[in-house]
Amino acid sequence: MINAIQLQFKKAPVTVSLVAISVAMFMVEFILGHGQTTNGQLLVALGAKWGPAIAVDHQYWRLLTPIFLHAGWLHLITNMLTLWFIGPLAEAVFGHRKFLGLYLFGGVVGNMISYLFTPFTVSVGASTALFGLFGGLLMFASQFRHEPAIRAQGTTLLLFVGLNLITGFGANGVDMWGHIGGLIGGIMFAVMAGFYGRSGRFPLYMRLTLIGVSVLFVLLTGLAGGGMK
């Protein structure tokens with residue numbers, strides 16, 4: 001087990017670090033909640049996405065912190081297994097720094113969209129950031145679709161994402177706006193930042209357009225709380 005973690009860390013240090021932070025935060029939840037990790041009040045106290053706190057108290061950090069919180073063991077295990085297996089692929093495609101940017105940007109955009117459409121829902125989980133990884137990898141597969149292996153990976157990932165979105169709409173307690181927003185955020189980041197080094201750079205007009213869209217998201221987020229004040 002230790003050797004497997006060490007090997008994974010050499011290959012994908014950011015992925016392993018993100019898993020470690022998420023697990024550590026879950027242990028904090030477990031201790032403070034006396035074993036109850038699905039308590040809404042506790043999750044809000046620790047940084048869950050909660051619209052009134054963002055709108056009234058301007059706690060915009062709540063668009064980031066939910067990425068590292070989880071409601072229950074199954075929620076944590078499912079997301080961390082996904083990150084453990086998908087993360088190294090995305091980290092190789094984007095490089096360590098851009099991978100971290102993709103993960104955080106996708107997560108924050110996902111929480112922004114969730115806040116804009118469902119402000120009164122308490123939301124936590126790495127799934128917004130994971131859908132950001134999916135979005136980034138789909139753009140990579142699109143940009144290098146002339147390579148059969150990459151195109152095949154992209155087709156498989158597209159089916160996986162589509163299935164997750166379809167099943168998510170029929171499930172209770174799933175923040176679908178967060179998932180959709182994370183996917184959009186991942187696509188946007190890949191276009192703006194490109195992949196490892198300067199590979200697969202998109203046209204300048206596309207990058208500038210999405211930078212403008214990012215600024216628009218920020219402005220909408222800042223203005224969205226008017227009705228809650």
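Biologist: How far apart are the mean positions of the positive and negative charges of the chain?

Modeller: They are 12 Å apart, for 12 positive and 5 negative charges. Lys and Arg count as positive, Asp and Glu as negative, while His and the chain ends are not counted. Each charge is placed at NZ of Lys, CZ of Arg, CG of Asp or CD of Glu.

Biologist: What kind of model is this, and how are residues numbered?

Modeller: This is a predicted model: local features need pLDDT of at least 70, side-chain atom pairs count only at pLDDT 80 or more, and totals for chains, interfaces and linings use all residues. Residues are numbered from 1 along each chain as its sequence is written, and side-chain values use heavy atoms, with hydrogens and water left out.

Biologist: How many helices and strands are there?

Modeller: Ten helices and zero strands. Both are DSSP runs, numbered from the N terminus: helices are H or I with at least four residues, strands are E with at least two.

Biologist: Why is the chain called as compact as a globular protein of its length?

Modeller: Its radius of gyration is 17 Å, close to the 17 Å that the globule rule gives for 229 residues, so the chain is as compact as a globular protein of that length. The radius is taken over C-alpha atoms, and the rule is 2.2 Å times the number of residues to the power 0.38.

Biologist: What does the C-alpha trace span?

Modeller: About 50 × 45 × 30 Å along the principal axes.

Biologist: And what share of the residues is buried?

Modeller: 48% of the 229 residues. Buried means under 20% relative accessible area, exposed means over 50%, and partly exposed is in between (1.4 Å probe, protein chains only).

Biologist: New topic. Where is His70?

Modeller: His70 is in the loop between helix H4 (51-57) and helix H5 (73-94).

Biologist: Why does His70 count as buried?

Modeller: Because its relative accessibility is 0%.

Biologist: Which side chain does the His70 side chain make a polar contact with?

Modeller: That of Asn79, at 3.2 Å. A polar contact is a pair of N or O atoms within 3.5 Å; within protein, one must be able to donate a hydrogen and the other to accept it, and residues adjacent in sequence count only if both atoms are side-chain atoms.

Biologist: What else does His70 touch?

Modeller: Leaving out residues up to four places away in sequence, its contacts include Ser22, Phe26, Leu76 and Val124. Contact means heavy atoms within 4.5 Å.

Biologist: Now Thr15. Which helix holds it?

Modeller: Helix H2, residues 13-32. Thr15 is buried, with a relative accessible area of 0%. Its side chain has a polar contact of 2.8 Å with that of Glu91. Among the residues that Thr15 touches are Leu83, Trp84 and Phe99.

Biologist: And Leu165, buried or exposed?

Modeller: Buried, at 16% relative accessible area. Leu165 sits in helix H8, residues 148-169. It touches Phe131, Met176, His179, Ile180 and Leu183, not counting residues up to four places away in sequence.

Biologist: What about the phi of His34?

Modeller: His34 has a positive phi of about 55°, although it is not a glycine. It lies in the loop between H2 and helix H3 (40-46). His34 counts as exposed, at 73% relative accessibility.

Biologist: Where does His58 lie?

Modeller: In the loop between H4 and H5. His58 is partly exposed, at 45% relative accessible area. Its phi is positive too, about 55°, and His58 is not a glycine.
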